[in-house]
Each structure stands twice: as C-alpha cells, then as structure tokens.
Amino acid sequence: MPLTFSERPKIAASSGPDGRGELKIYENLDDLATDFADYVAQLSELSVKERGVFSVALSGGSIISLMRKLCEAPYNRTVDWTKWYVFWADERVVAKNHADSNYKLAKDGILSKVPVLSSHVHSINDNLSAEEAAEGYEFILRQLVKSRTVDVLESRDCPKFDLIILGMGPDGHVASLFPGHPAVDQREDWVTYITDSPKAPPERITFTLPVINSAANVAIVVTGEAKATAVHRAIDAAPEELEAAAIPARMVQPTDGKLVWFLDRSAASKLHCVPFEGDFCA
Ligand SMILES: O=C1O[C@H](COP(=O)(O)O)[C@@H](O)[C@H](O)[C@H]1O
C-alpha cells in the first residue's frame with residue numbers, strides 16, 4: 001500500500017509562526033518530491049471536483065525538477081491533466097526556446113510529458129517588450145477570470161488561483177519580486193514588469209503580491225543550504241528592525257488561502273521555530 005501524503009515520513013511537520021503557513025521538512029529531495037507530487041495531485045483533484053478545472057501558476061528554477069514525480073506513475077495517469085490551466089507566476093522576457101525561459105523549462109520538464117492541452121497553457125508573448133508582455137499577460141488573465149476558468153475573490157476583483165507554486169532565491173525573492181525592488185510594492189496591477197532584475201536575465205514579468213496572496217493555495221518549495229538564511233528570515237519571528245520588503249518571501253501571506261512551505265533539511269537548518277534533532281516525526 002503506498003503511503004498517503006500525511007503518512008509519509010517527514011523530519012518535521014508543523015505550523016510556522018503566525019501567518020507563516022504550514023511547514024513540511026524532508027530528509028531528502030526524493031521524499032520532498034514524492035510528497036509534493038501528492039500535494040499537487042490532491043489539490044488538482046479537489047479543484048476539478050469543485051470547479052471543473054484546476055488553475056495553477058508555476059515558477060521557474062528548481063521547482064520544476066522537484067515536480068518531476070508528477071510525470072511518473074501513478075500521477076501521469078490519475079491526474080486529470082485535461083482540466084489543468086497553466087500560467088507562470090513569473091517569466092523571463094526571452095524567446096520561448098531560450099535556455100532562460102521558464103516556459104521552456106516547464107515544457108521540457110513536465111508539460112511535454114503529460115497530456116495538458118496546449119490551448120490551456122498560457123505563457124507570455126515573447127515578441128513584445130517587458131512592459132507590453134506584462135500588459136498582454138494581464139489581459140489574458142482577465143479574460144480567464146471573466147470566464148471563471150481562473151476563480152475570482154468574492155471581496156474584490158482579483159484572480160484566485162487554485163494553486164501558485166513559488167521557489168525562493170537565496171536573497172528571498174519569490175516569482176520576480178526582488179528585495180527592495182519597487183515591484184514588491186505594486187498593489188494595482190495583477191502583472192507587472194521589471195527591466196533591472198539583479199539576477200539575469202534583467203527583463204521579466206511577474207505576478208504582484210496581491211495576486212499571489214489571493215490564491216486558494218500557495219506552495220513555496222525551497223532546498224539547499226544556500227537558502228537557509230533566507231528561509232530563517234522569511235519564516236522565523238522577525239527582529240523588529242527587519243523590513244518585510246527586505247525579504248519578499250516573508251510577504252507571501254495568503255488572505256484566505258493556505259500557505260505550505262516544502263523544505264529539505266538543509267534549507268530548514270537555520271529555522272528557530274522547528275525544534276528537530278533529526279528524528280522522523282511520523
Ligand atoms: O529567477 C528565478 O528564480 C527563482 C528561484 O529559482 P531557484 O532555481 O533558486 O529555485 C524562481 O522561483 C523564479 O521563478 C525564477 O524566475
């Protein structure tokens with residue numbers, strides 16, 4: 001009998017400090033990837049049951065290889081891929097076949113291996129400037145919110161994705177919201193652009209924090225020791241002087257949705273709020 005999501009061994013599973021979401025910490029990348037595939041598959045099933053579709057926004061970087069188990073049995077057969085509508089929480093403004101393209105990364109790593117419909121995959125127009133690409137992407141999103149393919153918040157006009165999957169850089173950036181960049185403070189637009197990303201390539205589009213924080217579910221998936229300090233600064237009780245904008249991941253706090261952090265032992269190694277000594281807790 002395969003273990004279910006909640007039964008699989010973790011080093012620790014707990015809720016973080018107030019507003020910091022749920023923490024799931026794994027001994028190794030394989031356990032993390034297996035549980036993460038379960039988590040995504042379960043949310044997909046729930047959304048398809050409730051709404052008939054599953055709207056999911058991906059990021060680039062390491063999360064794509066950590067989603068690899070979704071392309072394997074049983075998920076390649078059990079997930080209702082034809083109901084998936086795929087977006088990107090951020091994208092680099094490069095050609096779709098460029099090595100830096102988040103679309104290409106997801107296509108090569110996942111989308112070409114499962115039967116997602118190409119008409120349900122919404123990537124940016126790569127023939128436009130960053131500003132035009134952001135406007136065009138927001139326009140597409142507005143159409144899909146109008147048709148309720150992407151749900152909408154009851155309280156205000158803002159998309160409510162079934163799931164947004166974020167990675168985090170060692171500087172604490174999520175999507176393409178970098179520490180201290182004015183894009184972090186953007187509250188009007190759903191999608192904004194930057195032309196001076198501190199991490200190459202410089203031109204990017206990104207969901208804004210209001211969109212990220214309106215999702216029904218947000219997963220932040222982080223691995224490796226190089227990100228341990230950023231994980232600590234994003235999750236642990238903050239010293240008064242720590243400005244939230246200094247660590248954008250700390251500003252991911254879904255209003256009504258659920259935030260889950262998926263961490264490996266190294267990424268979690270500087271957390272103060274999880275007292276684990278290496279014993280498996282479940
Ligand atoms: O540039 C980006 O970086 C972040 C983090 O990437 P990772 O490889 O360190 O996980 C990623 O989440 C974002 O989508 C991407 O554009």
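Mentor: A residue is called buried if 20 or more other C-beta atoms lie within 10 Å of its own, exposed if 12 or fewer do, and partly exposed in between, with the C-beta atoms placed from the backbone. The model here is predicted, so local features need a pLDDT of at least 70 and side-chain atom pairs count only at pLDDT 80 or more, while totals for chains, interfaces and linings use all residues. Residues are numbered from 1 along each chain as its sequence is written.

Trainee: How many helices and strands are there in the protein, and what percentage of the residues is buried?

Mentor: Helices (H or I, at least four residues) and strands (E, at least two) are DSSP runs, numbered from the N terminus. In this protein there are 7 helices and 12 strands, and 44% of the 282 residues are buried. Contacts tell us about the fold as well; two residues are in contact if their C-beta atoms lie within 7 Å. Of the contacts between residues at least 6 apart in sequence, 75% join residues at least 24 apart.

Trainee: Which residues of helix α7 are buried, and what covers them?

Mentor: In α7, which spans residues 228–235, the buried residues are Ala-230, Val-231, Ala-234 and Ile-235. They lie on the same side of α7, because they cover an arc of only 115° around the axis, the arc being that of the directions from the helix axis to the C-beta atoms. Their cover includes β11 and β12.

Trainee: How is strand β12 placed, mostly covered or mostly open, and which strands are joined to β12?

Mentor: Strand β12 (residues 258–264) is mostly covered, with 6 of its 7 residues buried. For pairing, the general idea is that two strands pair if DSSP finds at least two bridges between them. Strand β2 (residues 22–26) runs parallel to β12 and is joined to it by 5 bridges, and here Glu-22 stands opposite Val-260. Strand β11 (residues 217–222) also runs parallel to β12, with 6 bridges between them, and Asn-217 has Lys-258 as its bridge partner.

Trainee: What can I learn from Tyr-26 in strand β2?

Mentor: Tyr-26 lies in strand β2 and counts as buried because it has 26 C-beta neighbours inside 10 Å.

Trainee: How many residues does helix α5 have, and how far does it reach?

Mentor: The expected span of a helix is 1.5 Å times one less than its number of residues. Helix α5 (residues 130–146) has 17 residues and reaches 24 Å from its first C-alpha to its last, close to the expected 24 Å. Its buried residues are Ala-130, Ala-133, Ala-134, Tyr-137 and Leu-141. Because they cover an arc of only 100° around the axis, they are on the same side of α5. That buried side packs against β7 (159–160), β9 (191–194) and β10 (204–207), whereas the face turned away carries the exposed residues Phe-139, Gln-143 and Lys-146.

Trainee: Which residues other than glycine have a positive phi, among them the one that follows α5?

Mentor: Arg-148 follows α5 and has a positive phi near 65°. This residue lies in the loop between α5 and β6 (151–152), and it counts as exposed because it has 12 C-beta neighbours inside 10 Å. Ala-175 also has a positive phi, near 50°, and its place is in the loop between β8 (163–166) and β9. With 29 C-beta neighbours inside 10 Å, Ala-175 counts as buried.

Trainee: How many residues surround the ligand, and what are their classes?

Mentor: A residue belongs to such a shell if its C-beta atom, placed from the backbone, lies within 6 Å of the molecule. Here 13 residues surround the ligand, and the closest are Ser-59, Gly-60, Gly-61, Ser-62 and Gly-167. For the classes, Ala, Val, Leu, Ile, Met, Phe, Trp, Tyr, Cys and Pro count as nonpolar, Asp, Glu, Lys and Arg as charged, and the others, Gly among them, as polar. By this scheme the shell has 3 nonpolar, 8 polar and 2 charged residues.
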